[in-house]
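Welcome! Here is a guided walk through one protein chain, going from the whole fold down to single residues.

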Amino acid sequence: MQTDSFVLRHLGTDQKQIQEMLKTIGVKSLDALIYNTIPSDIRLDQSLNLPDALSENEFASHIQNLGNKNKNFKTYIGLGYHDTILPAVIQRNVFENPSWYTSYTPYQAEISQGRLEALLNYQTLVCDLTGLALANSSLLDEGTAAAEAMIMLFNGRSRNLKKRNTNKFFVSEEVLPQTIDILKTRSTPIGIELVIGNPEEIELDEHFYGAILQYPAKHGEVFDYTNFIEIAHRSEIKIVVAADLLSLAILKSPAEMGADVAIGTTQRFGVPLGFGGPHAGYFACKEEFKRLIPGRIIGVTVDVDDNRALRMALQTREQHIKREKATSNICTAQVLLAVMAGLYAVYHGGDGIKYIARQIHSHANLLNKALIKLGLEQQNKIFFDTLKIKVSSAKTIKVIAEKKKMNFLYIDELTIGISINETTTFHDIEKIIQILAQAENLYSFNITDCEISLSVPKELQRSSSYLTHEVFNNHHSETEMMRYIKRLERMDISLTDSMISLGSCTMKLNAATEMLPLSMSNWNSIHPFVPVSQAQGYHEMLNGLKNDLNIITGFAATSLQPNSGAQGEYAGLMVIRAFHQSNKETQRNICLIPSSAHGTNPASAVMAGMKVVVTKTSENGNIDLDDLREKAVLHKDNLAALMVTYPSTHGVFESAIQEITKIIHDNGGQVYMDGANMNAQVGLTNPAKIGADVCHLNLHKTFAIPHGGGGPGVGPICVAEHLVDFLPSNPVVKTGGSKAITAISAAPFGSALVDLISYSYIKMLGGSGLTQATKIAILNANYLKARLEKHYKILYKGEKGYAAHEMIVDFREFKSKGIEVTDIAKRLMDFGFHAPTVSFPVAGTLMIEPTESENKDEIDRFADALIQIKKEIDAFNGEESVLKNAPHTEAMLTNDEWNFHYTRKEAAFALDYIKGNKYWPTIRRVNEAYGDRHLVCTCNPIEDYMEE
């Protein structure tokens with residue numbers, strides 16, 4: 001065995017297993033399988049032109065040397081990003097723990113109770129500090145959260161405001177610049193008019209429906225918005241407050257000021273800077289918006305035994321489910337980062353959070369007093385952590401500060417900003433004073449260490465309590481915290497337990513070597529707005545990744561800014577929109593989308609200001625060419641784009657794909673390819689080859705970034721030459737093309753820290769390894785198909801009878817017996833498996849994708865489980881069946897009473913392999929309806945909500 005080959009570590013199957021699997025499938029070689037699966041006219045005729053693969057040891061040395069090119073200065077730039085202290089107990093047991101970062105979005109509640117509880121803690125943290133009744137379980141970043149708030153209030157306007165076509169949204173000029181840029185991006189396509197100005201001067205009239213205010217303001221001033229909000233409410237104008245969550249430990253909460261919505265970031269709660277992300281954006285609002293709030297909400301319910309259980313609540317209001325009627329395309333979150341922020345609050349508790357906030361504020365007070373003593377003008381009358389200072393020359397200060405390895409915010413030639421953070425010490429304050437004194441030719445002096453002090457006026461001080469629930473008061477020792485995290489971890493299934501074969505999700509290995517750089521301070525401690533010279537390692541890595549993705553996709557350029565797949569979809573469509581506008585074809589607004597597409601496709605198109613026209617799917621699961629051609633011709637004068645997934649959402653390489661893209665181009669449109677299934681393309685074909693103009697990639701699928709329990713994700717877009725000029729920009733750091741659209745996400749390069757994972761993945765596999773991974777993914781899917789098709793109907797196949805990298809298994813025929821596909825999903829838990837994708841893209845089915853990282857033995861165990869379930873289907877005897885009572889908990893099996901018509905062994909140990917690695921769900925099947933009728937989204941005890 002070649003022990004220094006990462007390819008062998010990443011791929012699950014060895015050569016012997018490959019031969020056995022090929023024999024079962026009925027083909028002579030792996031190349032023969034590929035030949036019969038991928039149409040010949042789109043197969044690449046050359047290997048990927050990528051450097052040779054590095055061994056894990058070679059890569060570790062390479063990434064360390066690259067990281068050393070980043071300069072880890074003390075940074076006081078602020079603007080929404082602040083250095084923080086990640087407690088080691090959370091770093092080691094969550095951030096670096098594959099049981100947390102390899103789990104999937106908690107759609108299957110019974111095997112997700114651990115991270116659901118962690119997310120409930122997070123929601124409680126957000127609700128308590130903002131004072132608002134309802135919070136979701138995170139959004140992509142602060143800018144995205146602001147845009148979602150603006151759109152939610154627009155769609156939630158009263159009948160009176162809608163009748164008047166009220167469409168103005170006021171944006172305070174004190175809002176963070178990156179947030180304003182995203183608001184510009186998101187408002188224009190859907191007809192919202194932004195008015196940017198001074199809150200003290202603006203006259204809100206009947207033409208406004210909402211406003212957003214920054215608290216504290218972008219340069220640190222703290223304003224009391226109570227009167228502004230009261231006046232706005234008189235005219236039915238709703239208010240969003242973008243609040244620094246940590247500051248709310250000592251400042252008056254948004255709810256106390258009357259805000260309708262509060263948004264922001266939880267990055268300050270122990271989440272590394274990471275050159276801009278990933279970080280969990282928060283979103284809280286009044287209960288009246290519970291049917292409109294974007295994102296996911298974790299709620300309390302009960303299971304069939306009336307035991308307390310958690311689940312994702314109100315799932316029918318998840319916007320992407322509404323397709324072209326959606327008001328948001330959000331379908332993911334930043335779960336891993338939200339979990340970390342929530343656990344940070346659990347570890348420190350309310351008193352600890354208050355201590356940290358007051359310590360930061362006290363250091364700012366100390367600096368402010370020293371500035372006065374120096375004779376410098378500090379312009380913020382009230383502040384939390386940020387001072388705005390008039391100086392003789394910002395340029396002079398910058399030179400001196402950088403020599404002393406410090407970064408400040410340079411607002412203009414005569415003004416600087418200094419934002420104090422959790423890591424700032426008394427000695428840091430001394431160094432800041434010395435720098436300013438030297439720059440201003442003033443006499444420096446020694447300062448005395450400060451006591452905890454509060455300079456905020458009483459009317460702006462927080463009076464309400466927070467984080468009083470026992471979970472925030474019982475885990476302050478590291479021993480207790482470690483055990484609490486472990487207890488949560490044990491409740492969930494992740495890739496550390498078994499294969500997670502979710503179709504269209506590509507739950508592959510997230511290798512340890514790929515993950516290690518994320519814990520290195522020269523990567524995770526860099527502020528996104530530092531000078532380019534201080535982030536050379538990052539820029540080399542990001543440019544290298546972009547170049548590799550260009551080669552893999554066949555395209556000319558890549559933007560890494562979108563930080564989710566749905567955001568990538570939106571970015572791609574906005575680039576297409578800008579392209580048409582540059583050609584003076586602004587009328588092109590029709591987007592053709594196949595009926596089988598993921599719900600985010602039509603939702604993204606609507607968000608981009610396009611009108612969705614759905615095209616039919618033929619009986620064999622392919623795009624109906626005649627219907628597509630008819631609609632393309634019908635709308636040729638207004639056709640903007642086609643959104644197509646390839647291989648198709650049905651798991652098939654459609655042979656007519658080049659004809660499909662030609663039809664669109666012949667009628668003036670652009671082709672957007674959804675990259676959800678790119679794991680079946682890499683090295684064998686590519687988006688450019690099939691005729692696409694732009695695609696997004698899911699780096700959290702194809703390129704090994706872990707799903708993190710529902711985020712982070714990265715959704716970069718790759719574009720053909722004619723679209724390069726329109727790639728997205730950032731208002732603080734120069735990015736994008738010469739005719740760039742405004743920002744898609746808050747940070748210039750999106751979730752840059754986790755891009756290290758995809759960079760690592762590509763470098764250690766190399767061109768041949770990437771191609772082999774694709775082949776094995778297709779092999780594994782077809783082997784599983786060969787094993788299952790003797791027992792179940794496989795819904796769609798390619799023209800020669802093969803699947804791509806996934807397949808759809810049809811369970812609809814069993815509905816007449818009273819068996820639902822949900823019963824199959826729950827029963828798989830008893831075999832130790834997370835269910836495949838349920839009822840997408842076809843209701844009543846499971847879409848299964850084993851990925852290249854699984855070996856034959858694990859695939860066989862999964863196949864054996866489904867085959868055993870087929871026997872249980874054949875023997876089905878109604879509601880008392882093992883299927884209807886699944887999943888079975890340890891409490892059920894160890895109860896003295898057993899009132900079921902099957903044995904304990906049949907319930908929990910139906911196959912012998914289970915005995916060696918038994919996973920026990922901690923609850924029985926959840927009561928979905930109860931949770932929606934009794935919506936509880938914070939850590940209140942369930943007894944408070946039980947009916948008498």
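**The whole chain**

Keep in mind from the start that this is a predicted model. The chain has 31 helices and 25 strands. If you draw a box around the C-alpha atoms along the principal axes, its sides are roughly 85 × 70 × 65 Å.

How much of the chain counts as buried? The share is 66% of the 948 residues. The accessible surface of the chain comes to about 33300 Å², and carbon and sulfur atoms account for 46% of that surface.

Contacts tell you how the chain meets itself. Take the contacts between residues at least 6 apart in sequence: 77% of these join residues at least 24 apart.

**Inside the core**

The largest nonpolar core holds 318 residues. Which of its members touch the most other members? They are Tyr 215, Phe 283, Phe 408, Ile 418, Ile 432, Tyr 538 and Leu 866. Helix 13, which covers residues 335-374, gives the most to this core, with 22 residues. Apart from this core lies another one, made of nine residues, including Ile 111, Ile 500, Leu 502 and Cys 505.

Leaving out residues up to four places away in sequence, Tyr 215 touches a whole list of others, among them Val 222, Phe 223, Tyr 225, Leu 248, Met 257 and Leu 460.

**Buried or exposed?**

Now compare some single residues. A residue counts as buried under 20% relative accessible area and as exposed over 50%.

| Residue | Relative accessibility | Counts as |
|---|---|---|
| His 427 | 53% | exposed |
| Ser 604 | 0% | buried |
| Ser 138 | 0% | buried |
| Asp 306 | 53% | exposed |
| Lys 918 | 18% | buried |

His 427 lies in helix 15, residues 426-439. Its C-alpha atom is separated by 9.5 Å from that of Ile 447, which is 20 residues apart from His 427 along the chain.

Ser 604 belongs to helix 21, residues 600-607. What does Ser 604 touch, not counting residues up to four places away in sequence? The answer is Asn 329, Ala 566, Glu 569, Tyr 570 and Leu 573. Ser 604 and Arg 924 are 320 residues apart in sequence, and their C-alpha atoms are 36 Å apart in space.

Lys 918 sits in the loop between helix 30 (904-908) and helix 31 (928-933). With a relative accessibility of 18%, Lys 918 counts as buried, because the limit for that word is under 20%. Setting aside neighbours within four places in sequence, Lys 918 is in contact with Asp 830, Ala 908 and Phe 909. The C-alpha atoms of Lys 918 and Ala 908 are separated by 8.5 Å, and the two residues are 10 apart along the chain.

**Backbone details**

Finally, follow the backbone itself. Where can you find cis peptide bonds? One runs from Gly 277 to Pro 278, with omega near 10°. Pro 278 lies in the loop between strand 7 (261-265) and strand 8 (281-285). Another cis bond joins Gly 711 and Pro 712, where omega is about 20°. Pro 712 has its place in the loop between strand 20 (694-697) and strand 21 (717-719).

Ser 138 is not a glycine, yet its phi is positive, near 115°. You will find Ser 138 in the loop between strand 2 (134-135) and helix 8 (142-155). Asp 306, also not a glycine, has a positive phi of about 65°. The loop that holds Asp 306 runs between strand 9 (297-302) and strand 10 (308-313).

Notes. Residues are numbered from 1 along each chain as its sequence is written. This is a predicted model: local features need pLDDT of at least 70, side-chain atom pairs count only at pLDDT 80 or more; totals for chains, interfaces and linings use all residues. Side-chain values use heavy atoms; hydrogens and water are left out. Helices (H or I, at least four residues) and strands (E, at least two) are DSSP runs, numbered from the N terminus. Buried means under 20% relative accessible area, exposed over 50%, partly exposed in between (1.4 Å probe, protein chains only). Contact means heavy atoms within 4.5 Å. Accessible areas come from the Shrake-Rupley method with a 1.4 Å probe; for residues, only the protein chains shown count as cover. A nonpolar core is a set of buried Ala, Val, Leu, Ile, Met, Phe, Trp, Tyr and Cys residues joined through side-chain atoms within 4.5 Å.
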